[in-house]
Amino acid sequence: MQLTQRNKGLLMVIAGAAMWGGSGVAGQYLLHDCGVSTGWLVVTRMLLAGLILLGLDALCHRDGIFVIWRDRKDVRELLIFSIAGMLAVQYTYFACIKAGSAAAATVLQYLMPIVIILYTAAATRRLPRRIELLCVALAVGGTFLLVTHGSMNTLSVPWDAVCWGLASAVAAAVYTMTPKRLIRKWRATLVVGWGMLIGGVVLAVCFPPWQAEIRWTMTAGLVYAYIIIFGTVAAFGCYLGSLRYIQPAEASILGSVEPLSAIILSVLFLQASFGLLDLLGSALIISTVFLLARN
């Protein structure tokens, strides 16, 4: 059976989202079981992934990787994206995993569309549309179920993990909105590569990458390699490459495979418990992506 371009795009975005979900589970193993610090994991991931992405971009494009530095407006937006977007979303996401779990961190980060809705409403001074209000209600209800299991007297996700998860959603909104003009003007690999590298260099001031506290084993080495190669470079390549064949709305919907894969892999490999209320809360949050993508 011949693989059509559309089916190729669908498979690429599903693969990319699944690898992103897997990187969270891999990160949880390193953070919880191998003594890795959040700062060291994030800074080395960003530095290595940034160098790889820029190297691949240099091989594919003749104009070089420094063309983006010629315009002051481009440089200003790139720095904002790198620090307030890329660095912030990476650190808050893995800090949430450190305090809680990969499944919870990935689902909480999917509150990002709600942050964008509220920001857009405030910036344009208009009330959200009915469909947007419905999504806000679903997201709040889903978060309540995920965090409390329906009871105000219990907290199924640690409070510091909830705070990091909400911060991750805000950072993901910044990460999503700030590079749009740059990516249209240049290309995703160039912008994301520089974003990773700059963010890694800035974070290295606080967390020097040569100061590693990790109990290296064969498994730990393979898991770390997965995070860099598959969970970052290959995942970005598949997801961004899929946009050549399918619409962005379709990519947004299928991107929901990420939290689903994080949940499934956490249960399979980390013996995580994920009950009915957890699944219901996650489903409510993820459903907002489907509703917004349709509109």
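Student: How many aromatic pairs does the count come to?
Tutor: The count comes to twelve aromatic pairs. Rings of Phe, Tyr and Trp (its six-membered ring) pair if their centres lie within 6.5 Å; planes under 30 degrees apart count as stacked, over 60 as edge-to-face and the rest as tilted.

Student: What kind of pair do tryptophan 40 and tryptophan 216 form?
Tutor: Tryptophan 40 and tryptophan 216 form an edge-to-face pair, at 6.1 Å centre to centre and with 75 degrees between the planes. Tryptophan 40 belongs to helix α2 (residues 38-60) and tryptophan 216 to the loop between α9 and α10 (218-242), so the pair ties together parts that are 176 residues apart in sequence. Helices (H or I, at least four residues) and strands (E, at least two) are DSSP runs, numbered from the N terminus.

Student: Before we go on, what sort of model is this?
Tutor: This is a predicted model: local features need pLDDT of at least 70, side-chain atom pairs count only at pLDDT 80 or more, and totals for chains, interfaces and linings use all residues. Residues are numbered from 1 along each chain as its sequence is written, and side-chain values use heavy atoms, with hydrogens and water left out.

Student: Back to that pair: is tryptophan 40 buried or exposed?
Tutor: Tryptophan 40 counts as buried, at 7% relative accessibility. Tryptophan 216, at 46% relative accessibility, counts as partly exposed. Buried means under 20% relative accessible area, exposed over 50%, and partly exposed in between (1.4 Å probe, protein chains only).

Student: Which residues form an aromatic cluster?
Tutor: Trp20, Phe236 and Tyr239 form one aromatic cluster.

Student: New topic: how much space lies in the second largest pocket?
Tutor: About 280 Å³ of space lies in the second largest pocket. Of the 16 residues that line this pocket, the closest to its centre are Ser101, Ser156, Val157, Ser273 and Phe274. On a 1 Å grid over the protein atoms alone, a cavity is a set of points where a 1.4 Å probe fits but cannot get out, and a pocket is an open set with protein on both sides within 12 Å along at least five of seven lines; lining residues have an atom within 4 Å of a point. Grid points are joined across faces, edges and corners, and a volume is the space filled by probe spheres set on the points.

Student: What is the lining of the second largest pocket by class?
Tutor: The lining has seven nonpolar, eight polar and one charged residues. Ala, Val, Leu, Ile, Met, Phe, Trp, Tyr, Cys and Pro count as nonpolar, Asp, Glu, Lys and Arg as charged, and the others, Gly among them, as polar.

Student: Where does valine 157 lie, and what does it touch?
Tutor: Valine 157 lies in the loop between α6 and α7 (159-177), and at 7% relative accessibility valine 157 counts as buried. Leaving aside residues up to four places away in sequence, valine 157 touches Ala104, Leu146, Val147 and Val162; contact means heavy atoms within 4.5 Å. Valine 157 and alanine 104 are 53 residues apart along the chain, and their C-alpha atoms are separated by 7.5 Å.

Student: And what does serine 282 touch?
Tutor: Serine 282 touches Val107, Leu146, Ile263 and Phe274, not counting residues up to four places away in sequence. Serine 282 is found in helix α13 (residues 276-294) and is buried, with a relative accessible area of 2%.

Student: Where is leucine 111?
Tutor: Leucine 111 is in the loop between α4 (102-109) and α5, and is buried, with a relative accessible area of 9%. Apart from residues up to four places away in sequence, leucine 111 touches Ala139, Thr143, Leu166, Ala169 and Ile285.

Student: Is arginine 125 buried or exposed?
Tutor: Arginine 125 is exposed, with a relative accessible area of 80%. Arginine 125 is found in the loop between α5 and α6 (130-148), and its phi is near 55 degrees, a positive value in a residue other than glycine.

Student: Lastly, how many residues of α9 are buried?
Tutor: In α9, 14 of its 17 residues are buried, and the helix is mostly covered. The 17 residues of helix α9 (residues 188-204) should span 24 Å at 1.5 Å a residue, and the end C-alpha atoms are 24 Å apart, which agrees. The expected span of a helix is 1.5 Å times one less than its number of residues.
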